[in-house]
Amino acid sequence: MVDPKNPQAQALGYVTDASKVDTKKWPKRAGAEGAKQYCYNCQFYIVDKGTDPAKVAQAPCQILMNKGVEGKGWCN
């Protein structure tokens, strides 16, 4: 799993729980559209073909060196 204190993760604003994003610092997560953003629906969240990403609690992230991230996490 990627450590949220990892410099790259911090630069991207990665959090393990998207509901805890500081929306003043990361306004992309604010509002109705932002509320729909999670790691599990990101193109870089790697799950097996045919698998519903929303049902996978943790998976590798291509941006964060293929380390695991929380499906309900978020980054910019």
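**A buried arginine and its surroundings**

Arginine 29 is buried yet has no salt bridge, and the nearest side chain of opposite charge, aspartate 17, is 6.3 Å away. Buried here means under 20% relative accessible area, exposed means over 50%, and partly exposed lies in between (1.4 Å probe, protein chains only). A salt bridge is a side-chain nitrogen of Lys or Arg within 4 Å of a carboxyl oxygen of Asp or Glu. For charge, Lys and Arg count as positive and Asp and Glu as negative, while His and the chain ends are not counted.

This is a predicted model, in which local features need pLDDT of at least 70 and side-chain atom pairs count only at pLDDT 80 or more, whereas totals for chains, interfaces and linings use all residues. Residues are numbered from 1 along each chain as its sequence is written, and side-chain values use heavy atoms, with hydrogens and water left out.

Arginine 29 sits in the loop between helix 1 (7-11) and helix 2 (31-34). Helices (H or I, at least four residues) and strands (E, at least two) are DSSP runs, numbered from the N terminus.

A search of the whole structure finds one salt bridge. Lysine 36 and glutamate 33 are both exposed, whereas arginine 29 is buried.

The overall architecture comes next. The protein has two helices and two strands, and along the sequence they follow the pattern α-α-β-β. The radius of gyration is 12 Å, close to the 11 Å that the globule rule gives for 76 residues, so the protein is as compact as a globular protein of that length. That radius is taken over C-alpha atoms, and the globule rule is 2.2 Å times the number of residues to the power 0.38. Along the principal axes, the C-alpha atoms fill a box of roughly 35 × 30 × 15 Å. Buried residues make up 29% of the 76 residues. Of the contacts between residues at least 6 apart in sequence, 49% join residues at least 24 apart. The protein exposes about 5000 Å², and carbon and sulfur atoms supply 52% of that area; accessible areas come from the Shrake-Rupley method with a 1.4 Å probe, and for residues only the protein chains shown count as cover.

Between helix 2 and strand 1 there is a loop that holds proline 53. Proline 53 counts as partly exposed because its relative accessibility is 26%. Leaving aside neighbours within four places in sequence, proline 53 is in contact with Tyr40, Tyr45 and Val47. Valine 21 is 32 residues from proline 53 in sequence and 21 Å from it in space, C-alpha to C-alpha.

The loop between strand 1 (58-61) and strand 2 (67-70) contains methionine 65, and asparagine 66 lies in the loop between these strands as well. Methionine 65 has a phi near 60°, a positive value in a residue other than glycine. Asparagine 66 has a positive phi of about 60°, although it is not a glycine. Methionine 65 counts as partly exposed because its relative accessibility is 45%, and asparagine 66 counts as partly exposed at 48%.

Definitions and conventions:
Contact = heavy atoms within 4.5 Å.
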